[in-house]
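This report describes selected features of the structure shown below. It takes a helix pair, strand pairing, domains and a chain interface in turn.

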Protein chains: 4
Amino acid sequence: MLNKTSESKVLRDPIHEYIHIEDQLIWDLLACREVQRLKRIHQLGTTYQVYHTAEHSRFSHALGVYEIVRRMVNEINGIDEILNEEDKIAVMAAALLHDIGHGPFSHIFEVISKVHHEDITQKIILEDSEVHRVLEKAQSGLSKVVASILSHTHPKAVLSQFVSSQLDADRMDYLLRDAYFTGTSYGKYDLERILRTFVVNGDKLTVKESGIHSIEDYIMARYHMYYQVYYHPVGRAVEAILIAFFKRWVDLTKSDPSITQRYPMFRFLLGKVELDPFYHLDESTCFAGFHMASVEQDPILKDLAERLLNRRLFGYVDVKNEDERNVIRQKVEKTYDSRYYFYQDEMSSRPYSPYQEDESLIYITLIDGTIKELSQVSNIVAAIVAAKPKDDKKVYFPKEIL
Amino acid sequence: MLNKTSESKVLRDPIHEYIHIEDQLIWDLLACREVQRLKRIHQLGTTYQVYHTAEHSRFSHALGVYEIVRRMVNEINGIDEILNEEDKIAVMAAALLHDIGHGPFSHIFEVISKVHHEDITQKIILEDSEVHRVLEKAQSGLSKVVASILSHTHPKAVLSQFVSSQLDADRMDYLLRDAYFTGTSYGKYDLERILRTFVVNGDKLTVKESGIHSIEDYIMARYHMYYQVYYHPVGRAVEAILIAFFKRWVDLTKSDPSITQRYPMFRFLLGKVELDPFYHLDESTCFAGFHMASVEQDPILKDLAERLLNRRLFGYVDVKNEDERNVIRQKVEKTYDSRYYFYQDEMSSRPYSPYQEDESLIYITLIDGTIKELSQVSNIVAAIVAAKPKDDKKVYFPKEIL
Amino acid sequence: MLNKTSESKVLRDPIHEYIHIEDQLIWDLLACREVQRLKRIHQLGTTYQVYHTAEHSRFSHALGVYEIVRRMVNEINGIDEILNEEDKIAVMAAALLHDIGHGPFSHIFEVISKVHHEDITQKIILEDSEVHRVLEKAQSGLSKVVASILSHTHPKAVLSQFVSSQLDADRMDYLLRDAYFTGTSYGKYDLERILRTFVVNGDKLTVKESGIHSIEDYIMARYHMYYQVYYHPVGRAVEAILIAFFKRWVDLTKSDPSITQRYPMFRFLLGKVELDPFYHLDESTCFAGFHMASVEQDPILKDLAERLLNRRLFGYVDVKNEDERNVIRQKVEKTYDSRYYFYQDEMSSRPYSPYQEDESLIYITLIDGTIKELSQVSNIVAAIVAAKPKDDKKVYFPKEIL
Amino acid sequence: MLNKTSESKVLRDPIHEYIHIEDQLIWDLLACREVQRLKRIHQLGTTYQVYHTAEHSRFSHALGVYEIVRRMVNEINGIDEILNEEDKIAVMAAALLHDIGHGPFSHIFEVISKVHHEDITQKIILEDSEVHRVLEKAQSGLSKVVASILSHTHPKAVLSQFVSSQLDADRMDYLLRDAYFTGTSYGKYDLERILRTFVVNGDKLTVKESGIHSIEDYIMARYHMYYQVYYHPVGRAVEAILIAFFKRWVDLTKSDPSITQRYPMFRFLLGKVELDPFYHLDESTCFAGFHMASVEQDPILKDLAERLLNRRLFGYVDVKNEDERNVIRQKVEKTYDSRYYFYQDEMSSRPYSPYQEDESLIYITLIDGTIKELSQVSNIVAAIVAAKPKDDKKVYFPKEIL
């Protein structure tokens, strides 16, 4: 049964002032261990090694996404034409749960384990878990509905727009939240105004023409956050060490099976997806693993663990091409095993792309009622889309080799 | 003599936390009646009829520009290579005084009187005024130095960059200040970071390559403030009435000379520049004039005055071309004298233009030490410069004609 | 008819983010000339001579008080038990109109003219005015209802609690607003939390026991604002000059009747209350009067006017008793006419007084449902009430006499 | 050698905008593992279970305290009369290091292990550690100087005032920081103004009389933070479970020595202070321990671990006396072992106490130059000191027993 809570509950939050909880289902989901686990995973992975106050968790972000969706389903002009009460509660639950499949250090874990967090999210919602039981107890079949919203397979495509599109509650919360907790001003945009200018048009969520400026501002906020925070080279330097550590650990398991026993928290990296070990996989167990490894025999694993614990970072330089890369790789190889001590990456991102699938785009309802895709009506966005993206190719390595 | 104040004085300010005054000259300039007069002129003219809290004065802004310049001459990397103590105090004085030639409702007065505020500023600084006497008493010849900075004729062109360029203390203060007092978030950008990334290169003020993002953010802040605040159609509708009122008043003086006597505050509109009446020309005397006119015989002057006092605004519509304009003009003419009750304007602005004179541009010092103009190194700025500017042509008229 | 507006309107506001207007009556009241006039009166009188950004008007504050009352009648727990729709709209109108009887420089005008602003407010609402006509057009008899809320004679005493008590929307708005516009942090308290902890108990508006801390914080905010802003000695020094100017003007009218003719804006000081001249009485006409007086023959009126225009302030010292006062008075009298150039005042205020009439007090609903007056349950508030108030006796005079 | 860094380094911080680092010693201390470890300890222990965004670390706070001290030694009026360059760098180092002896869940660990964090801090600074080596390398004997500032044994008592008194950089930072990260407004006060009103008087750090209001505001901020955040009953309920868990663990070691082997991270609880295991003791290892315990045989340890991981909290009620306590204890005992499932505490705090040792007090320099203790000159503070403190006695137990 989809009951209301006996009294409206509020949680203080610096981004939204209060998170309002009015449905018993949401309250019960919050208490599930799979959701509580998110408190032990940083929202921005290792970014707190760059911006020292970026210590907020995925749990706070999940609450924020939920709160934005709660306001959207209550406040958007015309929303009741397309959503019924069950749709609303399902999309609020989807918002709260959208990240529960994330491991610690997010895509690092995905790179090594070859497991996507979206798949784990689906598994948690659909299979044996506290979250699954709470959803099914509230309403039989609800877990499938929630999962389908997150996998873009729900018949009402608009529901996926709320939690997974280029103007979704996920991005809307994290830009503001990451700006607040890093202490930068770049991610700020006018959430109140965007919420006011959303309007349902046919089966789509669109933005009124009068709201284009706030959307342009939001797009620029994304752009700045990418380069100032999300793609910050020092953050990538920490990731280079994480990847090296996990690679080394996986490589060691091949010659020494005891490694797998002694480090149960890292077993997940070997690619087998089971929910119970996944529940025990968070940053606290990973760091406990780094502590253990920092007194390990293997000099490489030990060194990389110490680097992670004590922020002994790699240096980095920009490289234009393969030749420049090779010069540095060769320097590294004089002293180090370049499988672990040399890393390259390349970042490129557009803050908005008009070339993605239909339901991911941002739509504007013109004054005459017609719908156009954002870059068709905003000269600024069109210009940004057309601009040559920045080249950002780097290599990472122990500083002293230079 | 350029003395320091006996103790550092501070004025509380919401934008800069404190305005610091350490030079007796600045303290003495503040007390001049030409500077105090700025308290009786709104920084944003009639914008408080759109954003009701935009009630801040040109005086507060003058303090803010001064404070930013004070920090620039104290904090910019390498500044002592190009500025001596006298340059510094002169440019701080220029910052404080840069707007003293403004009439109320700024460019409206210029349009009608054909007098530019820059010329009045020069006159006040150079001729008989309290400001002039304070400058000359502090150091003989100083008034000419300060005036030359504002007229871009000082031999050190960099001094004009501080107070009059596309990245000057004037814009840097007003974006933040106007955002704060309108309650919008659009004008915010990271002033602290920009101040930190300024660097002197040769005889130019430039920004380090690592500061490009904060400059892009500042450019976008300008862009948004233009369309959300400075060019807001309701503000332009108020200006349409102001222009009509002043036109009518000038027209009436031709047939009835007593008008000129009875409204001494508006005499300035007739184009003769004298400093003493200018000192008595501020928004309080203008509004007293509107009060008088609101009980005047002439029905047009009376009606326009009441509209100004009680916010009875014109309506407006977008027009694409002359034909559309004429259709509306003809409707107006059925009931109204279209010389006063029909107004058209056209707004277009780029937040940054690389085509202006040299000292107005924004320069970046690359990592290798070379200097490039901003749009050469920022893809985003280049895209914005290349973007087709918005079309914003409107006509204004009494609402009821539609 | 009490209609809703065709669509919800919002006005951007830095304190409340948005002011929401949903009733046609409120929209129509906003357009009345008696309400628009408040844009030409500073909320904090001459405080902008102390805190240079305190330039906000009574109009903005009126909107803020309205918005808080709008939220109170919509959001307070149990409010529908005691208020019907008509009560709600009447108290929202009362909130918007509560200050329309204020002259410029508020209590200064009251001191000289012996007319209380509350009486003018009643007159405007009840007699021939745009405001009166709008109220009566919306619903016959509504003007009396609104007036009775402001004069504490409405049968439902709780309605007066909303707009006139020690925890009313008036104080709640001005503390936050004055803090924002002065740039001080002292007036900040947690409005959201107070709104959440209000609860109707019987016929009273009370605060839940769990909200005591936010009330204590609000009381301290008042305390600090008194001494840091409202009673700031420099502000009182400006008031001393205003009082002297107005006294001198009244005295001059006795010997020279032309004065009354030439300064129509000050006639109101002579004590006759008429609404039409009152409408023309605002700070713009007063300052236009100061401009005129600054070129007047009478040396005292002229000097005081110049002081007001150009911030040539009186100095001040603390005095403990009559003897100390007399010493300074005698010094003043050597050079000046002490009727105008010597002023004394004494400030004393408690941020909360449990000794006022019943409906002004702050009530707490304990967990067991009983009601207690605030100082009975808060040790901190009891301590503050019991504390000896600060002695703050000062005299003001031309600085150079010391 | 006490070198400056080659260029001034800045770290972005939401509380202080930037943390400025200009001394190589500070930069080198930051890189020490004992300092980096503070990133893995929450500043507010388990408060993030009450305010979900209170996830900031002791590391960020350490930087903030350092930054405030850095400003104090640079900006306080007259500071150069009493401090030389070596004093300054020593007290900045002391600020950065003041918390390095803290275990996770701070005083919980102290209660169980009977080891005070101050003693560990001394040990780390004075004995074999990276921090010790960095200090001694910078200047021989410096570690003793820094330690003596923190232990109040340095001959210049004023140095201890900076980092350990009732108006020290520690409190000044944590009030603002904890307010920011919890999202409450209670802890805010005007740091800039306090910094401006500090003045050296003789050998004491005092506050100018004109700054009393900002100090009163700061005292009230402390008062509110105690009751709204630091003593929040839900936070204490989490602590009740932590204490129970650790007690149980210690009790189990007595019967099963393998426990000590299997949980190396908790060995420190047994009371033996060694630095190397202490370095491995942080919240990540503790939580890894809770994960292990959550699959342990012992039902009590297992249950308490699950409660900690998944926020299954104890309930609580106020109790007035021993009798009320016993009633509840007896209810608990029907189902639970009350050694672990029943907890009582009592909170009482004054935000300022004039009865502490001399160097902890807050001193005011009156206008005539004499020094008085704060409560002698502030009626408000005197009232608060005299007010009966709140009674806050509670018991905690599994919710379902009621």
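## A helix pair in chain D

In this predicted model, helix α6 (residues 117-126) of chain D and helix α7 (residues 130-138) of chain D have axes that come within 6 Å of each other. The two axes cross at roughly 50 degrees. Angles from 65 to 115 degrees would count as roughly perpendicular and those under 35 as roughly parallel; α6(D) and α7(D) are therefore oblique to each other.

On the α6(D) side, the contact is made by Ile124(D), Ile125(D) and Leu126(D). On the α7(D) side, Val131(D), His132(D) and Leu135(D) take part. By class, the residues of this contact between α6(D) and α7(D) are 5 nonpolar and 1 polar, with no charged residue.

## Strand pairing in chain D

Strand β9 (residues 392-398) of chain D pairs with strand β5 (residues 314-318) of chain D in the antiparallel sense, over 5 bridges. Within this part of the chain, Phe314(D) stands opposite Pro398(D), a residue of β9(D).

Strand β6 (residues 343-347) of chain D is also paired with β9(D), in the antiparallel sense and over 5 bridges. Here Gln344(D) has Val395(D) in β9(D) as its bridge partner.

## The sheet in chain A and the helix across it

Chain A has an open sheet of 3 strands in the order β5-β9-β6, and the pairing is antiparallel. The edge strands are β5 (314-318) and β6 (343-347) of chain A, each of which pairs on one side only. From one strand to the next, the twist averages 25 degrees.

Between β5(A) and strand β9 (residues 392-398) of chain A there are 5 bridges, and the two strands pair in the antiparallel sense. Gly315(A) has Phe397(A) in β9(A) as its bridge partner. Helix α18 (residues 322-335) of chain A lies across β5, β6 and β9 of chain A. This helix, α18 of chain A, runs at about 10 degrees to β9(A).

## Two domains in chain A

The contact between them takes 24 residues from domain 1 of chain A and 21 residues from domain 2 of chain A. On the side of domain 1 of chain A that touches domain 2, α2 (33-36), α5 (106-113) and α6 (117-126) of chain A each supply at least two residues. The most comes from α5(A), with 4 residues. By class, this side of domain 1 of chain A has 10 nonpolar, 6 polar and 8 charged residues.

## Where chain C touches chain B

How many residues of chain C are in contact with chain B? There are 31 residues of chain C in contact with 32 residues of chain B. The elements of chain C that each supply at least two residues to its side of this contact are β1 (4-13), α2 (33-36), α3 (58-75), α16 (283-293) and α17 (299-310).

Of these elements, α16(C) gives the most to the side of chain C that touches chain B, with 6 residues. Sorted by class, that side of chain C has 9 nonpolar, 14 polar and 8 charged residues.

Notes:
Residues are numbered from 1 along each chain as its sequence is written. Chains are lettered from A and ligands numbered from 1 in the order in which they are written. This is a predicted model: local features need pLDDT of at least 70, side-chain atom pairs count only at pLDDT 80 or more; totals for chains, interfaces and linings use all residues. Two residues are in contact if their C-beta atoms, placed from the backbone, lie within 7 Å. Ala, Val, Leu, Ile, Met, Phe, Trp, Tyr, Cys and Pro count as nonpolar, Asp, Glu, Lys and Arg as charged, and the others, Gly among them, as polar. Two strands pair if DSSP finds at least two bridges between them. Axes are lines fitted to C-alpha atoms, for helices over the stretch in contact, and angles run from 0 to 180 degrees between N-to-C directions. Angles under 35 degrees count as roughly parallel, over 145 as roughly antiparallel, 65 to 115 as roughly perpendicular and the rest as oblique.
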